[in-house]
Each structure stands twice: as structure tokens, then as C-alpha cells.
Amino acid sequence: MEIFLIKLAQLILALSILILLHEGGHFVFAKLFGIRVEKFYLFFDWKFSLFKFKPKKSDTEYGIGWLPLGGYCKIAGMIDESFDTDQMKQPMQSWEFRAKPAWQRLLVMVGGVLVNFLLALFIYSMILFYWGDTYVPVKDMSQGMKFNQEAKALGFQDGDILIGTEKRTFKNFSADLYRDISEAHRVDIIRDGKAMSIQLPGDLNLLNMIKAQPSFVQMLIPNEIDSVIPGSTAEKMGLKKGYRILAIDGNKISCHNELTDQMARHADMLATAKNSTDSLKARTVTVAYTNGSKLYTARVVMHSTLKLGFVPKTPDYQTITQEYEFFESFPAGIKYGLNVLGSYIDDLKYVFTAEGAKSLGGFGTIGNLFPADWNWLIFWQMTAFLSIILAFMNILPIPALDGGHVLFLLYEMITRRKPSEEFMIRAEYVGFGIVILLLVVANLNDILRTLGIM
């Protein structure tokens, strides 16, 4: 429960910052052009609000709603998600949105997206300034990598040290490494101390590479035990620091990655167990291990978590920290942010596939991206990433989103004709329906994953 609350608190704080600043972007441009803002809310106040106040001599009511699905800035004389059509039937006033030139209305609509995008670049810059960029160069991972069968069919072997592609050298082990391999025609490696290259098609499916079990490539972790958890199955077996797991159920284990794969098979068996007998079978495992001089075999029944209860000895790779002075951090942060945006846009093509649709996630998925303990570095990294996503999604040409309004404004500026109010209202309903549908699908996916159905 504590972990859930920590993740929830981080999610709410991040979304609150992004929503307030996004709506603040609309607010500032509206006020700049003398447009009246009737409401400025964090979260939606459908039926009632948690808090609200209206300063004296102000046209704006400020408040906090109870429904944390976003926020809104209700601008007078504008057809938006409030669907306030009564106001649009009244005579046009000089302080209304609809009374202003198209270029001013355009700036009001892009204000939120602009703020979110600039915020992401600023956060990335400040992260680099305060924490620097700490990572382990992939070429220095001397134990090499562990590959699945698909990767081995393409020519990779366990223990290969990845160097780079024909385009660039690999930096660190991250999603960018997967992306580079998926687009590469040549991957340079070191195998048994010798430099060589592997030829690839250049169009591997990135989503399949990441979602595969086991995944396309992982850091190879030796099967040596570093420590044993007190009271665990491993302690009862007599496992100690320095021992090595040699086999699981007669299947040879050469690294900890393979042990994890074997445990995943037992997890699949447990998930489909129909009775206590099936459950017992899924939790029973035969382990062969050695202390370096003697071989042992034990048949044990694991807890429902299917964990033996030890920590593997991970390679002690040396990290590199690249530090940035204050003014140096801005171009580096901008470059980093643009790379994140480009990668996100590139990956959108997978959303329109069956597997991609299943990968959509709602608030549960987003919340799980935050760590189980409060870590400011990861919090700001996630906030910047969500800010970029919010900016991009809002600029999509979907009615009810900022991008839909921008599309109609561009049409007006080009043709010199405004879309009719009836058309705008209908478009708003359609766009709102699309947004709600996407929210339902994404959050339904979260529920199905939690239930183990998907």
C-alpha cells in the first residue's frame, strides 16, 4: 500500500504541474490579447468542485475539481469541452475569443502546447546541470549481452559486446539501443576479443523486440550469488554467497538471465493452474548448484511469488558522469528533449497495430513508470517525458484537443472563412468522443493486465 501511495503522489504532482502550466499557457495569451477567462481549473469540476475562489474585480474563477482527468481554462466566446452554447447565442463582445483576429486566437490555442514543450526542454536542461549524465558505456560492458532466439537467428551470440551501428556508437543500455538495432543494417560487436560485424535487415519490429519474453537483448548477468535473503527458500536450501546455479529442472543455466527465464515458465504454469495440485506442481522446482568444489541438487517448493530469494552478483561496471555548466546544459537539454520527441513520434506507428493497441496504457501504466521510493531525478525525468507527450498529443488535429482548434483556425486563415458554429459544436462532440474512447481503451488495458487476462 505504501508503494502505491508513493507512486500515486508522484503521478498526481507531475500531472498537476503539467496541467497548471499547460492551461497557464492558454491563460497568459488570452489575457495578453484582452480575452476574458471565465474559469481556470486544475482537474474537472463536473457537478461540483473541491475548492474555488474568485478574486475581487476579476472575471476569472479559480478552482480545483475532483475528477483528475485534466484541467481547463474556460475562455469566453469559444466552443470548447464545456459545450457552453448559450453564450455563443448572445451578441459578440469585444473581450470574447471569437471577436479577436485569427492569429491571436491561434496563439491562444498553441499556448498550452508551447509551454509544455518548453517546460520539457527546461527540465531536461536542469537535470543535466544538477545531476549530469551518468551512465555505463555499452562498449565497456565486458560480460557482454544475453540474446533471445530471434537475435541469435540473426547472428548474435551470448557474450557479444555491442559497439554500435553504421550510424553511431551505442551510448548506454536503453530504449535507444533497441531502436538503433531495429533500424540498423550493420551492428559492430566484439566477440571473443575480436571485432566483427553482423548484417541486419534494417526494419526489425521494435515493439516485438522489447515485448518478447525473453527480450531481444539484455545485459548478461552471471549466475553467481552475491547475497541470500534471510528466511527465503534459498537460505533453507543452504545457498550462500559465491554459490552458482547450474540447472533448473534439468535445464542448464549459464547466467542469471536464463534462471529468470525458467522462473517465468513456472509463473505461466501457476497463472493457468486450475487446482491445488497444479499450483503445487508450478511452485515445485529442482535446483542444481555448486559451491565451486561440490555439486548439490535440491527439490524445493517456492512461495507464490516464485522467488528463490537471493541477489545475483551483478557486473561491477564503472559509470561515467558527464557534467554540464549552467549555460552548457541548455543546448544539451534541448538536444536530449528533441531526441525523446523524435523517438516518441517514430514509435507511434506501432500504435496502429494489434500489438500496439494492446500496449496502450492508462493512468495505471503511467503511475508504474514512477519508482517505488521518492527519487527526484526520476521524478523530473518522468515529468519532462510526460510534458513532451502532453504537448504532442494535444497538437494532434483532433477536435476537442488544441490541435483540432489550430486546424480550424489555419483553415480560416487560408480560406478567410470561419467554420460555422454548428459545425464546431458537432466537431467538438466527435473529438470529445474520440478522446473518451482512447481513455477507456487505455485504462481497460491496465485492468486486463492487472487481472492477467492480457
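This is a guided tour of one predicted model, going from selection to selection.

**Stop 1: a residue in strand 1**

Begin by selecting Phe40, which is found in strand 1 (residues 37-53). Is Phe40 buried or exposed? With a relative accessibility of 12%, Phe40 counts as buried, because the limit for that label is under 20%. Next, show what surrounds Phe40. Leaving aside neighbours within four places in sequence, Phe40 is in contact with Leu20, Glu23, Gly24, Phe27, Thr60, Glu61, Tyr62, Gly63, Tyr72 and Cys73.

Two of these names, Phe27 and Tyr62, return in the next selection. Pick Phe27, Phe40, Phe51, Phe53 and Tyr62 together: ring pairs link these residues into a cluster.

**Stop 2: other aromatic pairs**

How many aromatic pairs does a search of the whole structure find? The search finds 31. Select Tyr344 and Phe392, an edge-to-face pair with 5.8 Å from centre to centre and 85 degrees between the planes. Tyr344 belongs to helix 10 (residues 326-347) and Phe392 to helix 13 (residues 376-394), so this pair ties together parts that are 48 residues apart in sequence. Both Tyr344 and Phe392 are buried.

Now move to Phe379 and Trp380. Their rings also form an edge-to-face pair, at 5.0 Å centre to centre and with 75 degrees between the planes. Colour the two by accessibility: Phe379 has 0% relative accessibility and counts as buried, whereas Trp380, at 27%, counts as partly exposed.

**Stop 3: charges over rings**

Select Arg36 and Trp95. Arg36 lies over the face of Trp95, at 3.7 Å from the ring centre. Then select Lys171 and Tyr135, where the charged end of Lys171 sits over the Tyr135 ring, 4.9 Å from its centre.

**Stop 4: salt bridges**

Side chains of opposite charge can pair when their charged atoms come close. In this model, a search of the whole structure finds 16 salt bridges. Select Lys146 and Glu258, which form one with their closest N and O atoms 2.6 Å apart. This pair links distant parts of the chain: Lys146 is in strand 4 (residues 145-147) and Glu258 is in helix 8 (residues 256-271), 112 residues apart. Both Lys146 and Glu258 are buried.

The next pair is Arg168 and Asp180, whose side chains meet in a salt bridge at 3.0 Å, N to O. Arg168 is in the loop between strand 5 (161-165) and helix 5 (175-183), while Asp180 is in helix 5, 12 residues apart. Arg168 counts as partly exposed at 41% relative accessibility, and Asp180 counts as buried at 12%.

Finish this stop with Arg186 and Asp188, another salt bridge, in which the closest N and O atoms are 2.8 Å apart. Arg186 has a relative accessible area of 29% and is partly exposed. Asp188 counts as buried at 19%.

**Stop 5: a sheet and its helices**

In what order do the four strands form their open sheet? The order is 11-10-12-13, with antiparallel pairing. Strand 11 (251-252) and strand 13 (295-301) are the edge strands, each pairing on one side only.

Strand 10 (residues 244-248) is joined to strand 11 by two bridges. Here Ile248 stands opposite Asn251 in strand 11. Now show helix 8, which packs on the sheet and touches strand 10, strand 11 and strand 12 (284-290). The direction of helix 8 makes about 40 degrees with that of strand 10.

Turn to strand 12 and strand 13, which pair in the antiparallel sense over seven bridges. Tyr289 has Tyr296 in strand 13 as its bridge partner. Strand 12 and strand 13 form a hairpin with four residues between them, and Gly292 in the turn has a positive phi of about 110 degrees. Last, select helix 9 (residues 276-283), which lies across strand 12 and strand 13 and runs at about 10 degrees to strand 12.

How values were computed:
Residues are numbered from 1 along each chain as its sequence is written. This is a predicted model: local features need pLDDT of at least 70, side-chain atom pairs count only at pLDDT 80 or more; totals for chains, interfaces and linings use all residues. Side-chain values use heavy atoms; hydrogens and water are left out. Rings of Phe, Tyr and Trp (its six-membered ring) pair if their centres lie within 6.5 Å; planes under 30 degrees apart count as stacked, over 60 as edge-to-face and the rest as tilted. Buried means under 20% relative accessible area, exposed over 50%, partly exposed in between (1.4 Å probe, protein chains only). A charge sits over a ring if NZ of Lys or CZ of Arg is within 6 Å of the ring centre and within 35 degrees of the ring normal. A salt bridge is a side-chain nitrogen of Lys or Arg within 4 Å of a carboxyl oxygen of Asp or Glu. Two strands pair if DSSP finds at least two bridges between them. Contact means heavy atoms within 4.5 Å. Axes are lines fitted to C-alpha atoms, for helices over the stretch in contact, and angles run from 0 to 180 degrees between N-to-C directions.
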